[in-house]
Each structure stands twice: as C-alpha cells, then as structure tokens.
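Subject: Structure for you to look at

Hello,

Here is the structure I said I would pass on. Please open it before you read the notes below it.

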Amino acid sequence: MTENTVVTLQHPLVKHHLASLRDQQTPPRAFRGQIDRLSTLLAYEATKDLALAPATIETPLGETDGRVLSQRIGIVPILRAGLGMINPVLNLIPDAEVWHLGFYRDENTLQPVEYYKKLPPGDPVDVALILDPMLATGGSAVAAIEAVVNWGVTHVKLLAMIAAPEGVEAVQSRFPQTQLYVCEIDVGLNDQGFIIPGLGDAGDRMFNARAV
Ligand code: PRP
C-alpha cells in the first residue's frame, strides 16, 4: 500500500459546497445537507481502490459478467460530527458495517477523551472508512485509527472535510499507511486548537447545539 497518501479533492462541486459549509450564515439544516453532499463526493474518491470479484448476473434478457464488491467494509464515524457522514456513505455501500467511536477533545489539553468504543474482539473488516469532518490536531483521528488497527484492520482510510496541516502530519507520522481524503487543507490551528479558517465547531453547527 502507498505510504503517506493525502488526496485533496479538486472537483468544482466540492469547492462549491465547501464554501457554503464554511459560511457562518449557513444554518444547521443547510449545513447538514452540505455535509451529506461532501461526504458522498469524499466517499466516491476514497472507494476507488476497493476490490471487486467477478459475478455472473442474470438480466431479464440473459446472462452477463458483472463485478461486485468483495471486501467487508466498515464505516467508523467519530462522534459527534462523524454521525452526519454515515448515511451518505452507507447509501453508496449499503452492506457496510457501522462501528461507532466516541471521542471529545479536552478543551484545555486538546487531547482526545474516549467515551464510546464498542469494536468486536476479533474478525476485523477488510477496509475501514473513518469519518470525521474535522482533522485539527489529529488527536481524535490518531486515537480512532489506533482503535481500528488494534481491532486488526490493515486497510484504513480517513475521510475529512477540512484538515489542518498539523493533523495531517500527526496522522502521517503515526500511521503512514493510512490513506487520507480531504476536501481542503487549511492554514493551521489557533491557540484553542480550532482550524483557521475552518468552519467553527462542526458538531455544534450540525446539531444546532451551539454553546451559549
Ligand atoms: C471535533 C471534531 C473532531 C475533533 C478534531 O470534535 O469533530 O472530532 O474535534 O480535533 P483533533 O483533530 O484536535 O482531535 P469535538 O472534540 O469538538 O467533539 P464533538 O464532535 O462532539 O463536537
């Protein structure tokens, strides 16, 4: 597998919907729609190398050769904001398994705090698609990748809307074989660990739960 793969999507639809996602005027209902569209586009790109197996298909008019997905695919959303990315990816891969991981970032230390992890003890999926709109310090992503690697998954992909260079570096240095798919890589992090320019707090905006 290629090491240090970072794919930054260049498609005009990605740029268009990402601009709307970033816009502070975009309300939660529209924000969720943009997360949905961008997740589909990210997943399209991130699944280009999935393995296929030959299959014989009976059409109403005869037999033909087809090809079908031949691997077990796991979708691994990081709570909360990764929740909004599940359905669009599941729409593309309806037979995928969904395994949730819960992390929140400690506001002071910026370290990820695990609060939900229920991966099975064995029998790992062949490919894991980890979903989180934001890759900031990379702490949450690294913890999530660690969890799926410890489960036994050998092919790991991370799908994010916006990444900071610090987060990309953190993932690449710790897990060089993880493939990264992002819509854009931003300037960097501010003192509070927020991506600049970013889009603010993805979970708050997605769920209309902005702290007062
Ligand atoms: C945000 C975001 C990522 C994480 C990124 O979640 O959705 O999960 O921070 O930061 P990192 O790369 O520095 O770890 P947050 O911790 O705010 O939790 P939430 O999704 O519940 O809002």
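The notes below go through the ligand, the pocket and a few points in the backbone.

This is a predicted model, in which local features need pLDDT of at least 70 and side-chain atom pairs count only at pLDDT 80 or more, while totals for chains, interfaces and linings use all residues. Residues are numbered from 1 along each chain as its sequence is written, and side-chain values use heavy atoms, with hydrogens and water left out.

The ligand

There are 14 residues around the ligand, and Arg80, Arg105, Asp132, Thr137 and Ser140 come nearest; a residue counts as near if one of its heavy atoms lies within 4 Å of the molecule. Polar contacts are pairs of N or O atoms within 3.5 Å. The side chain of Arg80 has an N or O atom 2.7 Å from an oxygen atom of the ligand. For Asp132, a polar side-chain atom is 2.5 Å from a ligand oxygen, and for Thr137 an N or O atom of the side chain is 2.5 Å from an oxygen atom of the ligand. On its own the ligand has 490 Å² of accessible area, of which the protein covers 89% (Shrake-Rupley method, 1.4 Å probe).

Strand 6 (101-105), strand 9 (134-135) and helix 4 (139-151) each give two or more residues to the shell around the ligand. Helices (H or I, at least four residues) and strands (E, at least two) are DSSP runs, numbered from the N terminus.

The pocket

The ligand takes up the space of the largest pocket; a molecule sits in a pocket if more than half of its atoms lie within 2 Å of its grid points. A pocket is an open set of points on a 1 Å grid over the protein atoms alone, where a 1.4 Å probe fits, with protein on both sides within 12 Å along at least five of seven lines; lining residues have an atom within 4 Å of a point. The lining of the largest pocket has 29 residues, and Tyr104, Arg105, Phe194, Asp201 and Ala202 lie nearest its centre. Among the elements that give two or more residues to this lining are strand 4 (73-79) and helix 6 (202-206).

The backbone

Leu79 and Arg80 are joined by a cis peptide bond, with omega about 0°. Arg80 is in the loop between strand 4 and helix 3 (86-92). Another cis peptide bond runs from Ile196 to Pro197, with omega near 0°.

Regards

Terms used. Polar contact = N/O pair within 3.5 Å; in protein donor to acceptor, adjacent residues only side chain to side chain.
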